[in-house]
Amino acid sequence: MSDAERENDGQRFDRLPETGDDRLVPGRASREEVVDWWTTRFGLPHETFDDVTLWEKGAGKIWAFGGSVVDPIAVEGLGMTLLRTRQEHWKPTTNAVQRFGREATRNVVDLDDEAAARFVDGQDQELDWDGDWGYLIAAHDLAGGREPIGVGLYLHGELRSTVPKGRR
């Protein structure tokens, strides 16, 4: 393995190693760690990511791709961003929560019509929540089923909306 292959290259997608023992690039998350994080934090079934390859591009931006390509690969985009790692608290993306969050059984806050509208508008709001602090899946009942809206950050009795400005 060359030194270049042991370093993170922000212009290239590198497939995540299967386990921490397979890690060559310091600080890079493994596939096992990413899948375990989603199953532990949100209660997603472990099989949710069985047909998805996981990649890193940049410093901790994890991408999910419903297929397989050569590794490494120098392209601009590959699938969708899933998660931001290499920071104190891992943060799921809005796209990932909307794509995979329907199966979540933990750390999902259900918002009524008014609260959901404020959340989508990017407004922070007081919320009585007896679950974990940190990043949550904000959801709303739509057409008779729970639909994930996006990622919220719950701290000190407040739900902060992280809906990107361009999607409000």
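The radius of gyration is taken over C-alpha atoms, and the globule rule used with it is 2.2 Å times the number of residues to the power 0.38. With 168 residues, a compact globule would have a radius of gyration near 15 Å, and the value of 17 Å for the protein chain agrees with this. The C-alpha trace of the protein chain spans about 55 × 30 × 25 Å along its principal axes. The structure is a predicted model, in which local features need pLDDT of at least 70 and side-chain atom pairs count only at pLDDT 80 or more, while totals for chains, interfaces and linings use all residues. Residues are numbered from 1 along each chain as its sequence is written, and side-chain values use heavy atoms, with hydrogens and water left out.

The protein chain has 3 helices and 10 strands, where helices (H or I, at least four residues) and strands (E, at least two) are DSSP runs numbered from the N terminus. From the N terminus on, these elements follow the order β-α-β-β-β-β-α-β-α-β-β-β-β.

An open sheet is formed by 5 strands in the order E1-E2-E3-E4-E5, with antiparallel pairing; two strands pair if DSSP finds at least two bridges between them. Strand E1 (14-15) and strand E5 (91-92) stand at the edges, each with a single partner strand, so one side of each is left without a neighbour in the sheet. Strand E1 pairs with strand E2 (residues 53-56) in the antiparallel sense over 2 bridges, and Asp14 has Glu56 of E2 as its bridge partner. Helix H1 lies across E2, strand E4 (80-84) and E5, and runs at about 80° to E4. For such packing, contact means heavy atoms within 4.5 Å; axes are lines fitted to C-alpha atoms, for helices over the stretch in contact, and angles run from 0 to 180 degrees between N-to-C directions.

A further open sheet of 5 strands has the order E6-E8-E9-E10-E7 and mixed pairing. Its edges are strand E6 (108-111) and strand E7 (125-126), each with a single partner strand, so one side of each is left without a neighbour in the sheet. Strands E8 and E9 are antiparallel and share 9 bridges, with Ala138 opposite Gly150 of E9. The hairpin of E8 and E9 has 2 residues between the strands, and Ala143 in this hairpin takes a positive phi near 55°. Strands E9 and E10 are also antiparallel, joined by 4 bridges, and Leu155 stands opposite Glu158 in E10. These two strands form a hairpin with 2 residues between them, in whose turn His156 has a positive phi of about 50°. Strand E7 is joined to strand E10 (residues 158-161) by 2 bridges in the antiparallel sense, Gln125 having Leu159 of E10 as its bridge partner. Helix H3 (residues 113-120) lies across E6, E7, strand E8 (134-142), strand E9 (145-155) and E10, at about 60° to E9.

The second largest pocket holds about 150 Å³ of space. On a 1 Å grid over the protein atoms alone, a pocket is an open set of points where a 1.4 Å probe fits, with protein on both sides within 12 Å along at least five of seven lines, and lining residues have an atom within 4 Å of a point. Grid points are joined across faces, edges and corners, and a volume is the space filled by probe spheres set on the points. The lining comprises Trp37, Arg41, His89, Trp90, Trp133, Gly134, Tyr135, Leu153 and Leu155. Helix H1 (31-42), E8 and E9 each supply at least two residues of this lining.
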